[in-house]
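Here is a short briefing for anyone meeting this structure for the first time. Please take a look at the sequence and the model below, then read on topic by topic.

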Amino acid sequence: MKPLKYKEIMPRVAIEKLKLIDTEDLVNLAGKNLEAIRCALLETSYREDILNLSNQEPNSNSLEEALLENYAQTLKNLVKFSVGNSKNLLLTIIGKIETSNIKTILKAKKTKMNIDEAISNIIPVGFLNKDRVRDILSTSATIEDVIEFLYDTEYGIIIEKALAENRGIIDLLSLELALDQFAYQKIHKTIKKLKGLDKLITKNVLGIEADAKNIKVILRGKAKKIPKDQIKRHFLPSFLISEQTLSNALETADVKTLAECLIRAKEIAENPFYLKIFIEILEQHNSPISQIENILEKASLRISKMMQKKYLKYYNLSYVLVLLNLKWLEIRNLRCLIVGSKRKITSTKVKRLLILEKNY
Amino acid sequence: MSAEKMEVHPTRQELLRLKRRKSLAEGIADILQKDLETLIITLIEFRKKAHMFRDQLFEKMDHAYSSFFEAEMITGSIATKELALSAPTIESSVETSTTRGVLGLPFSVFKFVKKETIVAKPRFDISETPLQLEETASKIEEALNFIVKIAELTATIREILELISIKRRQINRIRFKIIPQLDATIKYVELILEEIERQDAIRVRVLQRKRKERSVKTV
């Protein structure tokens, strides 16, 4: 490990980590009204983003927008202070956000959503900034026009290919799937270029994200009685879990046998980090699917924290990935608090939906 | 309120006919009363059923809304709105038919029919959609079934209520119009016949007295 390449990003990561809201403060916001949450956020790193949107009436949507804006800013800062492979990796992660933004634009056009509303759901990072999105949405009349705008980007080929497979018919689900698969393929390629501990860490942390999504697809697909070939079509590129293991998992009858099948698989049995996640799923096989999905959603953060703990002595990418996971978790939790306040949900219920770091 | 009598010939034959009509009217009123009671019992049963379905509908909707709010809390309001609106709509319709119900009454039958697609495909992007949103969709689908069932019951209840009011009007007409009218007419005919009888008796007595006087004179 060369500490030199981390000399600028590590202090930045430490600063950003210090900016994270304390879990206790976050929990205390459950059940509070929107104004109280807004005032509390004004005391945090979200201050600037909230004040920048102050020309709008402060409401839940503008607060949600401020959170996404802050996440984008954090990512931009990390990219700015990173070099070499870590920069490449962060840019690939931004690519994943870009595909999510494209999906948002496509859905907004399909549903004829208000432009301002659609823009507030964009994470303004990568080639799609808010002005560009506004330009695309306001000048395009149909979803085809939006696709036309994207043809000159790297996503153009993917969309074109997906359309050709669908004989020119625009099926939003297929397009979204193609974009997701492309984003994860890109991550896969970037990880391949990494070496040593960084490769091991990113493969595990980002790998579990895609692998967990594939397991989620199997669980949901089977619950909804979707044909196996259709479920297979929704698989993202697998990182650590082989395609054969996924196919075997698809043949299982329930959560228990699925978890057992995964634990038995050679690649998982040899990976203590993955093994821990699937053992937990096996232990909780009787819980509702939402509980299992919760474990899968938290898997990336759990593995990144395990990695950080294990390789504490060295500078490595796990610090960056832990920060990104924690930041996203914080935004998810804040969004939960904001919407909960808007919908007047009881604090107990809001607290139940929060994903807290303490639980790890 | 005194009932108007009918225009009839005050004869014995007419009296017998009126009495027969009265007992027939009373019989019809009894049958109608029994029908009315059956209809009321059925109405109460349907009302109970409708109440039960409405409770279940509220329960489903409550569950659906709470799942929807949870989905919103997990993915954000706008993202949930986008996911929900961009999902393909379920092609469905309501099939209607009729069936013979209580007292042979034609009752409407409504059936919620979901058009199944040939290839079962997921409606939502599985990797992005929270489970709660899918739960909301399935709860709403179940709620739609209850809405259709409640509509069917409401149509049936409306038909029963209409029939009850018809039956009640018929019973009232018989009990408070036809029977009192027949009673009044019977009373009138009986009075006339009694009067005729009295006159006849006097006439007989006068004739007997005259015959007696005539026989005394001849003696």
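In chain A, residues 24 or more positions apart account for 64% of the contacts with a separation of 6 or more; two residues are in contact if their C-beta atoms, placed from the backbone, lie within 7 Å. The model is a predicted one, where local features need pLDDT of at least 70, side-chain atom pairs count only at pLDDT 80 or more, and totals for chains, interfaces and linings use all residues. Residues are numbered from 1 along each chain as its sequence is written, while chains are lettered from A and ligands numbered from 1 in the order in which they are written.

**Chain A overall**

- Chain A has 20 helices and 0 strands; helices (H or I, at least four residues) and strands (E, at least two) are DSSP runs, numbered from the N terminus.
- The radius of gyration of chain A is 21 Å, close to the 21 Å that the globule rule gives for 360 residues, so chain A is as compact as a globular protein of that length. This radius is taken over C-alpha atoms, and the globule rule is 2.2 Å times the number of residues to the power 0.38.
- Along the principal axes, the C-alpha atoms of chain A fill a box of roughly 55 × 50 × 50 Å.
- Of its 360 residues, 44% count as buried. A residue is buried if 20 or more other C-beta atoms lie within 10 Å of its own, exposed if 12 or fewer, and partly exposed in between.

**A helix pair in chain A**

- The axes of H6(A) (residues 84–110) and H11(A) (residues 172–193) come within 9 Å and cross at roughly 175°. Axes are lines fitted to C-alpha atoms, for helices over the stretch in contact, and angles run from 0 to 180 degrees between N-to-C directions.
- H6(A) and H11(A) are therefore roughly antiparallel to each other, the word used for angles over 145 degrees.
- Among the residues making this contact are A:Leu89 and A:Ile102 of H6(A), and A:Leu179 and A:Phe182 of H11(A).

**The nonpolar core**

- The largest nonpolar core has 117 residues, and those with the most contacts inside it are A:Ile105, A:Leu179, A:Val320, A:Cys336 and A:Leu337. Such a core is a set of buried Ala, Val, Leu, Ile, Met, Phe, Trp, Tyr and Cys residues joined through C-beta atoms within 7 Å.
- Helix H19 (residues 318–342) of chain A gives the largest share of this core, 11 residues.
- Not counting residues up to four places away in sequence, A:Cys336 touches A:Val350, A:Leu353, A:Leu354, B:Met73 and B:Ile74.

**Two lysines with positive phi**

- Most residues other than glycine have a negative phi.
- A:Lys112 has a positive phi, near 55°, and sits in the loop between H6 and helix H7 (115–119) of chain A.
- A:Lys344 has a positive phi of about 55°; its place is in the loop between H19 and helix H20 (347–353) of chain A.
- A:Lys112 counts as exposed, with 8 C-beta neighbours inside 10 Å, and A:Lys344 is exposed with 9.

- From the N terminus on, the elements of chain B run α-α-β-β-α.
- The radius of gyration of chain B is 36 Å, well over the 17 Å that the globule rule gives for 219 residues, so chain B is more spread out than a compact globule.
- Of the 219 residues of chain B, 25% count as buried.
- In all, 20 residues of chain B are in contact with 37 residues of chain A.
- The largest share of the side of chain B that touches chain A, 6 residues, comes from H2(B).

Note on methods:
Angles under 35 degrees count as roughly parallel, over 145 as roughly antiparallel, 65 to 115 as roughly perpendicular and the rest as oblique.
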